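I opened this notebook page to record what I looked up about a ligand and its surroundings. The entries follow the order in which I asked.

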Amino acid sequence: MTSLLILNGPNLNLLGTRQPEVYGKTTLNDIEAMCAAHAQRLNIRVSCLQSNHEGALIDAIHAAKGTHDGIVLNAGAFTHTSIALMDAIASVELPVIELHLSNIHAREAFRHKSYIAPVALGQICGFGAAGYGLAIDALMAHLS
Ligand code: CA2
């Protein structure tokens, strides 16, 4: 059975509790439940993980090799800073969809730079929580 990792980075555990005007009212729990329901419809498996720590995210990407068939990654602010995450993604040779709730290209200039984009299969941003379902569909289309 196809297995996908839904990986969320720093501060995304706060979703729905602060800055709803930017990130919406949906909590990370809601998003993970939506991903699980979508996976059930598609007859695939998803595992969800969130960490505020760069090293833990890198460990999760390494561990995904041989365990999962692809990754949906919202690396949060590490997107704009982390060469280490970029190297981890390149090293595992798994398809990764870069995901953002907000349209990072319509925000501050420092959010326009992504270290993930060059090693990702593609990027989905600006569709809020619905982006996770779109990312799962995009990965499944790629894998089929
Ligand atoms: O739009 C996205 O999904 C981001 O990855 C979210 C990151 C931001 O640094 C990226 O540029 C774009 C920030 C996540 C912070 O989430 C919070 C949620 C609620 C309250 C405060 C922060």
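The entries below go from the pocket to the ligand and its contacts.

Entry one. I noted before anything else that this is a predicted model, and I then looked up the largest pocket, whose volume comes to about 420 Å³. Its lining is made up of 19 residues, and those closest to the centre of the pocket are Pro-10, Asn-11, Leu-12, Tyr-23 and Arg-111. I sorted the lining by residue class and found eight nonpolar, eight polar and three charged residues.

Entry two. Where does the ligand sit? I found the ligand in the largest pocket, with 17 residues around it, of which Asn-74, His-80, Leu-101, Ser-102 and Arg-111 come nearest.

Which atoms lie 2.5 Å apart? I found a polar side-chain atom of Ser-102 at that distance from an oxygen atom of the ligand. I also recorded 2.7 Å between a ligand oxygen atom and an N or O atom in the side chain of His-80, while for Ala-77 the atom concerned is a backbone N or O, lying 3.4 Å from an oxygen atom of the ligand.

Notes
Residues numbered from 1 in each chain as written. Predicted model: local features only at pLDDT ≥ 70, side-chain atom pairs only at ≥ 80, totals over all residues. Heavy atoms only, no water. Near = heavy atom within 4 Å. Polar contact = N/O pair within 3.5 Å; in protein donor to acceptor, adjacent residues only side chain to side chain. 1 Å grid on protein atoms, 1.4 Å probe; cavity = no way out; pocket = protein on both sides within 12 Å on 5 of 7 lines; lining within 4 Å. Sits in = over half its atoms within 2 Å of the grid points. Points joined across faces, edges and corners; volume = space filled by probe spheres on them. Nonpolar A, V, L, I, M, F, W, Y, C, P; charged D, E, K, R; others polar.
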